[in-house]
Amino acid sequence: MPNNNVDVLIIGAGPAGLMCANALARAGIEVRIVDQRPGAIKAGQADGIHSRTIEILQSYGLAERLLREGAQIHRAAMYNPGPQGGIERARRYGWFTTAEARYPFGSCLNQGGIEAIFIDDMESRGVVIDRPTVPTSIEVQEEQTQDGGAYPVKVVLKHLDRKENVVEVVHAKFVLGADGAHSWVRKVMGIKMEGDSTDDVWGVVDIKPDTDFPDVRAFSMIHSLAGASLLIPRERDLLRMYIQLSDTDVVDPRTGRIDKDRTNAEKVLAMAQNIMKPFRMEAVGNIDWWTIYIVGQRVAEKYSISDKVFISGDACHTHSPKAGQGMNASMMDSHNLAWKLAYVLRGWADPSLLQTYESERRKFALDLIQYDREWSAMIAEKNDTPGREERFREMFEKNADFMSGLTLRYEPSSIVNNQFQACAPQIVVGERIPPHVFICAADARPVNIHDMLPADTRFKIVFFVGDITDASIAELVQDLAGRLDKPGSFLQRHDSRAFDVLCVSASSQHAVDYTDFPEVFRSHWSKVLLDDTQLNGRPGDGGFARYKVNPQEGAIVVVRPDGHVGMVAPCDQLDAVDGYFGSFMTSKDK
């Protein structure tokens, strides 16, 4: 029986598992990923990608393919019962109401398409999915959990396609269970799910439509006397329709459980066609994919065992798919965890850093469940409920920021310090930094600040300083550079590979060169940005004003490897920044 060691073993190759595997592979961490499916998903499953998730994919260099292959949603429409018995449009409005978006739209691409983006990138780095393979046992050897060099998690794998060496024993430093809503890892480790199911039953069908419905390429919410439906445009001219079903359609009265054999794709489509009247809705060719489900809203009681075995994605939270949050939340879980695993494995951070995974992501899951309850209840409301339409519109606009992911804020912790929030009020500690276009001091090209914050497991330390042609500002910048070179500075105390220093100056491109800045601020010519108008007259300025940073005082912005702001501080509080990193990172001399 083969025995092998690995830093991280990931069980489950859905979006959560692939996000983590890809991030760790990029970080140079030894990772294996296994999945019980013999091949990739070809159709259906999750498909909605929101604005913040697109930003995250962009930070890995993967957004371009998503935007090329997926459909975009820019508009929403609401339909209600009309006086003639069919439906009529009540209103249209923008799908996206947030001004702080780099990608002010949603994108839809089937789950297999999303997974392929990760798989192809992973394979270019030598990591392939081992399948069909299932775990049969897992054991955490507690006596080894405090030994950073040990492999305390023992997992027995069974390779379903082999005739020899069918069973393999893997010893891992960490294990991630990303194996879905019915997670084997969660059950075996004894982690309970908290929450319940609603009585709402929904059918889902994907078709290539032949229709006269005018909002077929908008996110359309339809309420008719025949029931409720959601329409979501998909890639390749496909359309996804969610249709509210009754218990008698699909629930087995003997067991009280869904029995998919009690209906079929054609029946679900027929229900949608009835809801859509007087508009015509036919399928061109075969139905692409369909399923039925009961809405369940549950969250795992905890996200890890001994900070050695973790769960992510649907393994730790389940909710309805109608707001398109599932795949987004799953990938964000792993995006949050991956860099923390990398830091602990490299010896850059104390293992206690891993505890922030649960504290940050479980709170988000609880907020998501509450949002999903309200959203699902609103969609399922009867048409004659007083004030329903106006409440629906208000809820849609109110929750646009949450749904997009752009206002996700992590609470204060060892890696979220909001003590000096007042020095940069519009760079909210715990959230991602809003996008803004500056210009590069070296070549005058426009640069979105997000493009300087790749997901490369480094903290980005962004120094906002005023106009260095002002003698007092120049003195401040020189003093900062000198302090960064001192032994007690975070740059000297901790492994320098964990940091990337950037500088944003209020100087004019016509008055300074990038070489006028101290070397610590320009490890590469691209690292110095200017808050100035582009040569063609387009905006490249206004950043200090937008972020509400005083150019005379400046600010230090610490951006975590996952793109969230860990801390802001005045330029005269560099010691506080040193203390921030000292609270969770290890010293080089240890």
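So, H1 and H8 run roughly parallel to each other, a label used for angles under 35 degrees. Here the angle is about 30 degrees and the axes lie 8 Å apart, with axes being lines fitted to C-alpha atoms over the stretch in contact and angles running from 0 to 180 degrees between N-to-C directions. H1 covers residues 15-26 and H8 residues 326-346; helices are DSSP runs of H or I with at least four residues, strands are E runs of at least two, and both are numbered from the N terminus.

A quick word on the source: this is a predicted model, where local features need pLDDT of at least 70, side-chain atom pairs count only at pLDDT 80 or more, and totals for chains, interfaces and linings use all residues. Residues are numbered from 1 along each chain as its sequence is written, and side-chain values use heavy atoms, leaving out hydrogens and water.

Who meets whom? On the H1 side we have, among them, Met 19, Cys 20 and Leu 24, and on the H8 side residues including Met 331, His 335 and Leu 341, contact meaning heavy atoms within 4.5 Å.

Now, friends, the sheet. Three strands form an open sheet in the order S3-S7-S4, with antiparallel pairing; strands pair if DSSP finds at least two bridges between them. S3 (48-49) and S4 (71-73) stand at the edges with a single partner strand each, so one side of each has no neighbour in the sheet. S4 and S7 (residues 106-108) pair over 3 bridges, and Ile 73 stands opposite Gly 106 in S7.

Zooming out, the chain has 15 helices and 28 strands, and its C-alpha trace spans about 75 × 65 × 40 Å along the principal axes.

Key. Parallel < 35°, antiparallel > 145°, perpendicular 65-115°, else oblique.
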